[in-house]
Amino acid sequence: MITGRQVRAARALLSWTQEMLAEKALVALTALKRLESERGLGVHEGTTDQVRRALEAAGILFIESGQGRGVMFLNETSGSETRRAKGRRVRSPT
């Protein structure tokens, strides 16, 4: 199960707002805010799964080991791929 902290970190790596992620994951903004809450507010398992899938589709890898949990942004393999960065489109490094 992913954590709110992982979701916030993943959004930061992608430069996404909560509104952008809620739209891409097809979940209510209030549900996303509950998921990201430091208080660990409950959300439906389906909501968590939709958020996870949207982030993974954008290149996020969720990591869990004996030392803790985290996220990683996987590099695109094709130089023709583009990604969003601070409101502008940039070409991925080749």
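Reply: Gladly; what follows is a set of questions about labels and the values behind them.

This is a predicted model, in which local features need pLDDT of at least 70, side-chain atom pairs count only at pLDDT 80 or more, and totals for chains, interfaces and linings use all residues. Residues are numbered from 1 along each chain as its sequence is written, and side-chain values use heavy atoms, with hydrogens and water left out.

Me: What is the mean confidence of the protein chain, and where is confidence lowest and where highest?

Reply: The scale is pLDDT, the predictor's confidence in each residue, from 0 to 100. The mean over the protein chain is 85, and 80% of its residues reach 70 or more. Helix α2 has the highest confidence, at 98, and strand β3 (residues 82-85) the lowest, at a mean of 43. Over residues 77-94 pLDDT stays under 50, and for that stretch the model has 21 contacts beyond four places in sequence. A contact here means heavy atoms within 4.5 Å.

Me: How many helices and strands does the protein chain have, and in what order do they run?

Reply: There are four helices and four strands, in the order α-α-α-α-β-β-β-β from the N terminus on. These are DSSP runs numbered from the N terminus: helices are H or I with at least four residues, strands are E with at least two.

Me: What makes β1 and β2 a pair of strands?

Reply: Two strands pair if DSSP finds at least two bridges between them. Six bridges join β1 to β2 (residues 68-73), so the pair qualifies, and the two run antiparallel. A hairpin through two residues connects them, and Glu64 stands opposite Arg69 in β2.

Me: Which residues have the most contacts inside the largest nonpolar core, and what makes it a core?

Reply: A nonpolar core is a set of buried Ala, Val, Leu, Ile, Met, Phe, Trp, Tyr and Cys residues joined through side-chain atoms within 4.5 Å. The largest one has 16 residues, and Val7, Leu21, Leu32, Val51 and Leu55 have the most contacts inside it. At least two residues of this core come from each of α1 (4-14), α2 (18-25), α3 (29-36), α4 (45-57) and β1 (60-65). Val7 shows how this works: not counting residues up to four places away in sequence, Val7 touches Ile2, Leu21, Leu32, Leu35, Glu36, Val51 and Leu55.

Me: Why is Val43 called partly exposed?

Reply: Buried means under 20% relative accessible area, exposed over 50%, and partly exposed in between (1.4 Å probe, protein chains only). Val43 has 26% relative accessibility, so Val43 counts as partly exposed. Val43 lies in the loop between α3 and α4 and, leaving aside neighbours within four places in sequence, is in contact with Ala31, Arg34, Leu35 and Thr48. For the protein chain as a whole, buried residues make up 30% of the 94 residues.

Me: How do you know that Glu38 and Arg5 form a salt bridge?

Reply: The rule asks for a side-chain nitrogen of Lys or Arg within 4 Å of a carboxyl oxygen of Asp or Glu. For Glu38 and Arg5 the N to O distance is 3.9 Å, so the pair meets the rule. This pair links distant parts of the chain, with Glu38 in the loop between α3 and α4 and Arg5 in helix α1, 33 residues apart. Glu38 is exposed at 58% relative accessible area, and Arg5 is exposed at 59%. By this rule the count comes to seven salt bridges.

Me: What does the salt bridge between Glu36 and Arg11 tie together?

Reply: Their side chains meet at 2.6 Å, N to O. Glu36 lies in helix α3 and Arg11 in helix α1, so the pair ties together parts that are 25 residues apart in sequence. Glu36 and Arg11 are both buried.

Me: What separates Glu56 and Arg52 in helix α4?

Reply: They are four residues apart, which means about one helical turn. Their closest N and O atoms are 2.7 Å apart, in a salt bridge. Glu56 is partly exposed at 35%, and Arg52 is partly exposed at 25%. Both belong to a network of salt bridges that links Asp49, Arg52, Arg53 and Glu56.
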